[in-house]
Amino acid sequence: MLAPQPLHQIIYHSLATGEGMSPEALADLLRQARAYNQAHRLTGLLLYAADTQEFVQVLEGLQAEVQSLYAKIARDPRHKHAFVLHEGPAETRMFPDWRMGFAPAAAHDLHTITGYLPLVSEPAHLRPPGLAVHAPAQLRRFLADFARPLATDE
Ligand SMILES: Cc1cc2nc3c(=O)[nH]c(=O)nc-3n(C[C@H](O)[C@H](O)[C@H](O)COP(=O)(O)O)c2cc1C
C-alpha cells in the first residue's frame, strides 16, 4: 500500500502592483486560481487589504503541488515582494472545502497574521531540521475564526 502523502503549507505576504486589484481583476484571478487548484487538489485562503494593497495567502496540498504553484505565484506581475511567512508540513488542511476562499481584509488584520510569525530569512530546505515548525496554533485559530464568517469560494 502506498504511504499517505504528507500535506504541506505555505503562507506568504505580498503587495499588489500598480494601483492595486480592482474587483474585476480579483474575480479573474480567483476564477483562474480555483480551476487550477481544484484540478490539483490545492486548497487555501486569499486575503486582500485594499487600503494597503497587501495580500496574505495560505496554500495547502501535496508538497510538490504547493511548491510548484508558489513558484508560479511568486513570478506573477500582479504583485511584488512575495515573502514566505511560514512553510512546512501540515497535519490537516485549514480550509479543506475551499479551492481558494477569498475575503477582503483590513491592513490591521493582515498585520495580526504577520505578527504571529517569526520572520523566516532562509528557505525551508536551508533551515536546520526541527525548525520547520507547524504553523503556530494561534495563527491557525486566528485565520479560521477570521476567515470562516467572511470568506467565500464562489
Ligand atoms: C495574489 C495571487 C494569488 C494567486 N493564487 C493562485 C492560486 O491559488 N492558484 C492558481 O492556480 N493561481 C494563482 N495565482 C495565479 C498565478 O500566479 C499564475 O498566474 C497561474 O498559476 C498561471 O501561471 P502560468 O501562466 O505560469 O501557468 C495567484 C496570483 C496572485 C497574484
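Which residue takes a positive phi in the hairpin of β2 and β3? I looked this up before anything else, bearing in mind that the model is predicted.

**Entry 1: the hairpin**

I found that the residue is Gln53, with a positive phi near 60 degrees, and that the hairpin has 4 residues between its strands. Gln53 sits in the loop that links β2 and β3. I noted that Gln53 is not a glycine, although its phi is positive.

His81 belongs to strand β4. I recorded His81 as exposed, because it has 11 other C-beta atoms within 10 Å and the limit for that class is 12 or fewer.

**Entry 2: a glycine that touches the hairpin loop**

I followed the contacts of Gln53 to Gly20. Setting aside residues up to four places away in sequence, Gly20 touches Ala50 and Gln53. Gly20 lies in the loop between β1 (7–16) and α1. I also checked Gly20 against Glu54: the two are 34 residues apart along the chain, and their C-alpha atoms are separated by 8.8 Å. Gly20 is partly exposed, with 18 other C-beta atoms within 10 Å.

**Entry 3: the sheet**

I next asked in what order the strands of the sheet are arranged. The open sheet has 5 strands in the order β4-β1-β3-β2-β5, with mixed pairing. At the edges I found β4 (79–90) and β5 (101–105), each of which pairs on one side only. From one strand to the next, the twist averages 15 degrees. I reminded myself that strands of a sheet pair through backbone hydrogen bonds, either parallel or antiparallel.

I then went through the pairs, moving across the sheet.

- β4 and β1 run antiparallel and are joined by 9 bridges; in this pair, Gln9 has Gly88 of β4 as its bridge partner.
- β1 and β3 are antiparallel, with 9 bridges; here Ile10 is partnered by Leu59 of β3.
- β3 and β2 are antiparallel, with 7 bridges; Leu46 stands opposite Gln57 in β3.
- β2 and β5 are parallel, with 5 bridges; Leu47 has Ala103 of β5 as its bridge partner.

I also looked at what lies over the sheet. α2 lies across β1, β3 and β4, and runs at about 150 degrees to β3.

**Entry 4: what is covered**

I asked how many residues of β3 are buried. The count is 8 of the 9, so β3 is largely enclosed by the rest of the structure. For β2, I found 7 of its 7 residues buried.

In a regular strand, side chains alternate between the two faces of the sheet.

I turned to the largest nonpolar core, which has 26 residues. Those with the most contacts inside this core are Ile11, Leu45, Leu46, Leu47, Tyr48, Val58 and Leu143. At least two residues each come from β1, β2 (43–49), β3, β5 and α4 (137–147). β2 gives the most to this core, with 5 residues.

I took Leu46 as an example. Apart from its neighbours within four places in sequence, Leu46 is in contact with Phe55, Gln57, Met100 and Phe102.

**Entry 5: around the ligand**

Lastly, I asked which residues come nearest to the ligand. There are 15 residues around the ligand, and Ala33, Tyr36, Lys72, Asp76 and Arg78 come nearest. By type, I counted 8 nonpolar, 4 polar and 3 charged residues in this shell. α1 (23–39), β3 (54–62) and α2 (63–74) each supply at least two of the shell residues. The largest share comes from α1, with 5 residues.

Notes:
Residues are numbered from 1 along each chain as its sequence is written. This is a predicted model: local features need pLDDT of at least 70, side-chain atom pairs count only at pLDDT 80 or more; totals for chains, interfaces and linings use all residues. A residue is near a molecule or strand if its C-beta atom, placed from the backbone, lies within 6 Å of it. Ala, Val, Leu, Ile, Met, Phe, Trp, Tyr, Cys and Pro count as nonpolar, Asp, Glu, Lys and Arg as charged, and the others, Gly among them, as polar. A residue is buried if 20 or more other C-beta atoms lie within 10 Å of its own, exposed if 12 or fewer, and partly exposed in between; C-beta atoms are placed from the backbone. Two residues are in contact if their C-beta atoms, placed from the backbone, lie within 7 Å. Two strands pair if DSSP finds at least two bridges between them. Axes are lines fitted to C-alpha atoms, for helices over the stretch in contact, and angles run from 0 to 180 degrees between N-to-C directions. A nonpolar core is a set of buried Ala, Val, Leu, Ile, Met, Phe, Trp, Tyr and Cys residues joined through C-beta atoms within 7 Å.
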